[in-house]
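Student: Please take a close look at one part of this structure and the contacts around it. Spell out the cut-offs as you go.

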Amino acid sequence: MNKGHLDRILEKHKAQPVGSGYVDIIVWRDNYQNLVQALVENGFEIESISWWEWCEKENECKYGLGGPKSEYYDGWFAELATEVDDLKLSDKEPQETIQKILNFIESKTIGFSDEKVWFQKSKWLTPAIWLNVPDDWKNKKSAYII
């Protein structure tokens with residue numbers, strides 16, 4: 001595993017870490033499949049998935065608790081108050097691991113008090129990847145955080 005290579009993968013796929021580490025890496029819905037594939041094929045372990053709401057305007061989020069402005073798109077992400085989904089993957093073959101992660105994301109449903117939300121039907125439901133990397137790794141943008 002190489003931290004510089006990881007930073008380049010995230011930038012290529014427009015994946016946005018929240019904070020200075022490598023958990024809650026929010027990825028645009030159009031990019032999550034290629035990001036998952038690139039991470040797994042390059043030896044990075046995806047250990048969890050959290051969930052975010054995509055909002056075109058910061059004050060228009062329905063379920064999210066707030067979060068960062070997108071670095072790549074015109075809009076905002078707001079963290080959903082749901083459990084983080086820990087993945088228990090033991091596959092030795094990268095393609096099996098990739099497919100299991102993609103199936104998990106694509107079959108996700110979240111129940112709110114007023115409705116049930118499906119990943120496939122709710123275009124605003126956005127995954128965030130949590131990686132198992134050394135604790136002392138800080139993402140590229142953390143160099144700019146004071």
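Tutor: A residue is called buried under 20% relative accessible area, exposed over 50% and partly exposed in between (1.4 Å probe, protein chains only). The model is predicted, so local features need pLDDT of at least 70 and side-chain atom pairs count only at pLDDT 80 or more, while totals for chains, interfaces and linings use all residues. Residues are numbered from 1 along each chain as its sequence is written, and side-chain values use heavy atoms, with hydrogens and water left out.

The part to look at is helix α2, residues 32-41 (helices are DSSP runs of H or I, at least four residues, and strands runs of E, at least two, numbered from the N terminus). Its buried residues are Tyr32, Leu35, Val36, Ala38, Leu39 and Val40. They pack against α1 (3-12), β1, β2, β3, α3 and β8. Just past the end of α2, Gly43 has a positive phi of about 85°.

One partner is α3 (residues 94-106), whose axis comes within 9 Å of that of α2 and crosses it at roughly 150° (axes are lines fitted to C-alpha atoms over the stretch in contact, and angles run from 0 to 180 degrees between N-to-C directions). From α2, the contact (heavy atoms within 4.5 Å) takes in Tyr32, Gln33, Val36, Gln37, Val40 and Glu41. From α3 come Pro94, Gln95, Thr97, Ile98, Ile101, Leu102, Ile105 and Glu106.

Now the aromatic rings. Rings of Phe, Tyr and Trp (its six-membered ring) pair if their centres lie within 6.5 Å; planes under 30 degrees apart count as stacked, over 60 as edge-to-face and the rest as tilted. That rule gives nine aromatic pairs. Tyr22 and Trp137 are edge-to-face, with 6.3 Å between centres and 75° between planes. Tyr22 sits in the loop between β1 (15-17) and β2 (25-27) and Trp137 in the segment after β8 (125-132), 115 residues apart. Both Tyr22 and Trp137 are buried. Tyr63 and Phe112 are stacked, because their centres are 3.8 Å apart and their planes at 15°. Tyr63 belongs to the loop between β3 (45-55) and β4 (76-79) and Phe112 to the loop between β6 (109-111) and β7 (116-118), so this pair ties together parts 49 residues apart in sequence. Tyr63 is buried, at a relative accessible area of 14%. Ring pairs also join Trp28, Trp54, Tyr73 and Phe77 into a cluster.
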